[in-house]
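Dear colleague,

I am passing on the structure below, together with some notes on what turned up in it. Please read them with the model open beside you.

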Amino acid sequence: MTTLAVEHLDVRHGQLQAARDVSFAVGSGETLALVGANGAGKTTLLRAIAGAHLPVAGRVLIGGEDVTALPAHGRAALGIALVPEGRRLFVEMTVEENLLLGRMTGRRGEWTLERVLATFPNLKPRLKSRAGTLSGGEQQATAIGRALMGNPQVLLLDELSLGLSPLVVDRVYESLTTLMRSGTTIVLVEQDLGRALSVADTVVCMLEGRIVLESAAAGLSRERITEAYFGLRAGREQQGAVP
Amino acid sequence: MSAMAVSVERWTTRSRVAVGVVIVVLIVLAFGPLFLTAGQADRLTALFVYVILAAMWNALAGFGGLISVGQQAFFGLGAYFAVRLADAGINPFLALFVAGLAVAIVAVPLSYPMLRLRGGEFAIGTWVVAELTHLLVNLDTLVRGETGTSLISLNTYDAPARRAYIYWLALAVMIALLGVLFALLRSRTGAAIQALRDDEVAAASLGVRVVGTKRILFTLAAVGAGLAGALWLATAITFQPKTFFGVQWTAYMVFMVLVGGIGTFEGAILGAVIFFLLETWFGATGVWYLIGLGATAVLFSLMLPRGLWGAAEDRWSLRLLPVGYQLKPRTASKE
Amino acid sequence: MFQVMRIINLAHGSLAVLAAFALFVLADRYGISPFLGILIVLPAMAVVGWVLQVVVLERASRAGRLVPILATFGLSIVIDNLLFQQFGANTRSLAPYIGDLSYDSWQITDDISVGKIAVLTLVTAVVVLGTIQIFLSFTQLGRAVRATAEDPDTAGLVGIDARRINALATAIAMASVTLAGAALGMRATFDAYAGGTQLLFAFEAAVIGGAGSVWGTLFGGIVLALGQSIGATIAPQGFLIGGHVAFFLVLFARLAIPGSNFRAFLAGALRSRPA
């Protein structure tokens with residue numbers, strides 16, 4: 001079952017065309033890694049899927065339902081949760097308040113405050129601290145936790161490793177694998193190719209707004225993906241793409 | 001891909017024509033008292049004052065990004081200083097001029113604390129300054145509270161001569177202030193001002209002295225308002241604090257600049273002319289006139305925030321007076 | 001209202017006067033006591049606020065930071081003059097309609113008596129502000145309001161409908177505006193153009209207290225009132241001057257000594273308590 005589908009999406013960022021004719025689909029429980037150089041359009045695409053950015057053309061479908069006309073809070077209620085680039089926590093509010101706010105989607109499910117804290121135990125002692133005082137890793141955990149509190153169908157993660165030390169990133173990804181094993185559908189934007197390849201089922205590479213490579217992660221050589229990343233070989237390739 | 005050769009120019013044919021027209025109009029106006037009736041001369045003097053007010057408020061808000069709802073503080077101060085100077089025995093016309101400039105003595109030190117306020121706080125702050133100034137001026141026994149006093153020394157001149165002198169003084173002050181603003185905008189400070197208007201942080205990162213530039217605008221706007229107040233006193237002769245320190249002056253300035261075009265040199269002038277015409281036709285209707293002004297200001301701020309001139313500029317790439325730079329493609333035939 | 005929407009509403013004072021006039025009309029023409037009248041006027045004002053929000057303020061805030069100031073300024077001019085058109089230049093008061101309460105007082109000692117209305121106003125203010133503070137700190141909706149105030153974009157991402165939150169903030173603001181108008185009418189007099197002065201006092205109080213905290217506003221109001229009263233004892237016109245001077249003193253002291261002010265102190269005290 002396709003949890004998330006994007007069809008022929010065109011997104012503008014001011015005067016710039018950030019995404020051109022982007023189409024892909026993610027099945028339930030799958031992890032899709034979105035890679036590409038800076039400025040390739042990944043963050044804008046994620047924001048467009050989440051509803052924070054309106055596309056010029058194309059459709060976004062969640063669980064088969066067309067949500068293109070829905071604003072961000074509406075899509076959140078339908079099960080899309082975005083962990084934005086740079087975390088974007090409510091810094092004036094405590095960790096607990098940030099997490100509790102995740103419930104504003106009104107969706108019920110497995111994710112409760114207790115479960116989030118069990119997944120990210122490093123947050124337990126920091127519950128009453130202002131989000132602005134947290135370390136990078138703790139902020140990332142809070143941001144993910146806040147998204148999870150909404151019991152999403154699809155979790156969009158934008159640049160998790162940004163600004164974090166390698167050890168901390170390791171820990172974050174450890175919690176991620178737990179998430180993935182539990183069956184959450186994930187779209188992951190990641191600059192670190194190695195990590196992306198290690199956790200993803202499918203890899204989509206973008207260059208200047210277009211998809212230049214879409215392939216199963218298994219068996220994908222570094223050379224192929226590097227070529228696509230830097231646009232060394234023109235044209236779009238399909239190899240064992242998951243429908 | 002071939003590169004286009006461009007030259008950077010300040011004057012275009014259009015702007016040359018525009019400036020020419022302006023100069024002709026000003027010369028015609030200069031001869032005004034010779035062929036205008038008393039009423040018409042008075043009205044035109046009022047127009048000159050409106051233009052000054054609009055241009056100065058626009059300089060502060062449109063270029064400096066500082067919305068002031070308290071310029072009436074300086075408007076009233078200019079008139080007040082004129083009254084005081086005249087009372088001290090100075091020639092009334094000289095007093096008017098000096099009073100306007102004297103406002104700078106208050107404005108400059110005031111700018112130091114005021115410019116540290118942002119946006120809305122600055123706006124309220126200016127209003128408080130206006131109220132406070134009003135109250136303090138009322139304390140002066142010469143002014144006798146709200147009863148006010150008059151610039152009696154003006155009466156030593158007979159009416160037609162007085163009217164002519166005031167007309168010329170107003171015209172001269174208007175030309176001078178507009179000229180200063182024009183020169184300022186064309187200078188390096190002018191580039192700084194326009195950079196400020198577009199993006200303060202970016203401007204600062206390029207080395208624009210943000211606060212210093214704003215201080216210049218603040219003081220200029222204050223002096224302009226002060227001169228306008230002094231001139232208004234000359235036409236009205238009586239000085240009643242409530243009239244001069246009233247917030248309706250800000251309402252007029254907001255209207256003129258919003259309708260004309262905030263942040264454009266020509267827009268302020270257009271707004272003043274429109275306001276002048278509306279007042280001539282509808283001013284007598286009293287309260288409804290004010291309601292109409294307010295409602296129009298609201299509508300413009302929502303529908304046409306760039307004002308009439310701003311919208312025209314956007315649609316037709318109109319830039320009449322040469323305050324900016326134009327890129328002119330150099331065609332091969334011209335080489 | 002300022003906190004949530006980052007809009008400076010210059011028509012705030014005029015709206016309070018509008019509420020006062022509404023109460024006056026209800027009392028004068030229909031004999032409804034102002035206290036009962038509040039129950040009618042309050043929801044009416046909330047509706048007015050909602051309309052304003054949707055028609056004017058939302059568009060204004062999207063057009064830039066400076067536009068709301070101009071739009072609400074124009075609005076205040078319209079309201080003031082419409083009131084003048086309708087009610088003329090006479091000053092009005094709600095005092096005649098609340099009987100003895102307007103001048104009754106409690107004798108504390110031989111020299112000091114406290115006006116009942118004044119106490120009532122203070123108590124109401126504390127209750128209202130307290131309720132708002134509790135609402136913001138302890139309820140999910142209150143949290144949503146704070147979140148929207150801080151980052152409306154991200155608030156949308158977690159499922160908060162910013163438009164509804166703004167409407168709620170406006171309704172709350174309008175409710176307090178009504179109460180302010182009522183207090184003004186009962187305690188003192190008002191006329192069509194009183195809006196400006198009220199707005200000024202409101203903003204002075206908020207700025208003195210620090211525009212970020214609810215209790216700060218109360219504190220600011222007290223400081224302002226003190227300034228005004230002290231000024232009044234010095235000279236008859238000193239009432240207003242005293243207030244403005246107090247405003248500037250605090251404002252510039254705050255600018256000159258960053259960090260060492262009541263707001264920071266208060267904020268620190270509030271933050272370290274569990275929310």
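**Strands of chain A**

A:I62 stands opposite A:E65 in β5(A), where strands, like helices, are DSSP runs numbered from the N terminus (E, at least two residues, for strands; H or I, at least four residues, for helices). Before going further, please bear in mind that this is a predicted model, in which local features need pLDDT of at least 70 and side-chain atom pairs count only at pLDDT 80 or more, while totals for chains, interfaces and linings use all residues. Residues are numbered from 1 along each chain as its sequence is written, and chains are lettered from A and ligands numbered from 1 in the order in which they are written.

Strand β4 (residues 57-62) of chain A and strand β5 (residues 65-66) of chain A run antiparallel and are joined by 2 bridges, two strands being paired if DSSP finds at least two bridges between them. Their hairpin has 2 residues between the strands, and A:G63 takes a positive phi near 55° there. β4(A) is also joined by 5 bridges to strand β1 (residues 2-13) of chain A, again in an antiparallel arrangement, with A:V6 standing opposite A:V60 in β4(A).

**Chain C and its helix pair**

Chain C holds 12 helices and 4 strands, and of its 275 residues 48% count as buried, that is, with 20 or more other C-beta atoms within 10 Å of their own, the C-beta atoms being placed from the backbone.

Helix α2 (residues 12-30) of chain C packs against helix α8 (residues 162-187) of chain C at an angle of about 65°, with the axes 7 Å apart; axes are lines fitted to C-alpha atoms over the stretch in contact, and angles run from 0 to 180 degrees between N-to-C directions. The crossing of α2(C) and α8(C) is right-handed, meaning that the near helix is turned clockwise from the far one by less than a right angle. Among the residues that meet are C:L15 and C:F24 in α2(C) and C:V177 and C:L184 in α8(C), contact requiring C-beta atoms, placed from the backbone, within 7 Å. The residues of this contact divide into 11 nonpolar, 4 polar and no charged, where Ala, Val, Leu, Ile, Met, Phe, Trp, Tyr, Cys and Pro count as nonpolar, Asp, Glu, Lys and Arg as charged, and the others, Gly among them, as polar.

**Where chain C touches chain A**

The contact takes 18 residues from chain C and 25 residues from chain A. On the side of chain C, α6 (140-150) and α7 (152-157) are the elements that give two or more residues, and α6(C) gives the most, with 6 residues. That side of chain C divides into 7 nonpolar, 4 polar and 7 charged residues.

With best wishes

Methods. Contact = placed C-beta atoms within 7 Å. Buried ≥ 20, exposed ≤ 12 C-beta atoms within 10 Å, placed from the backbone.
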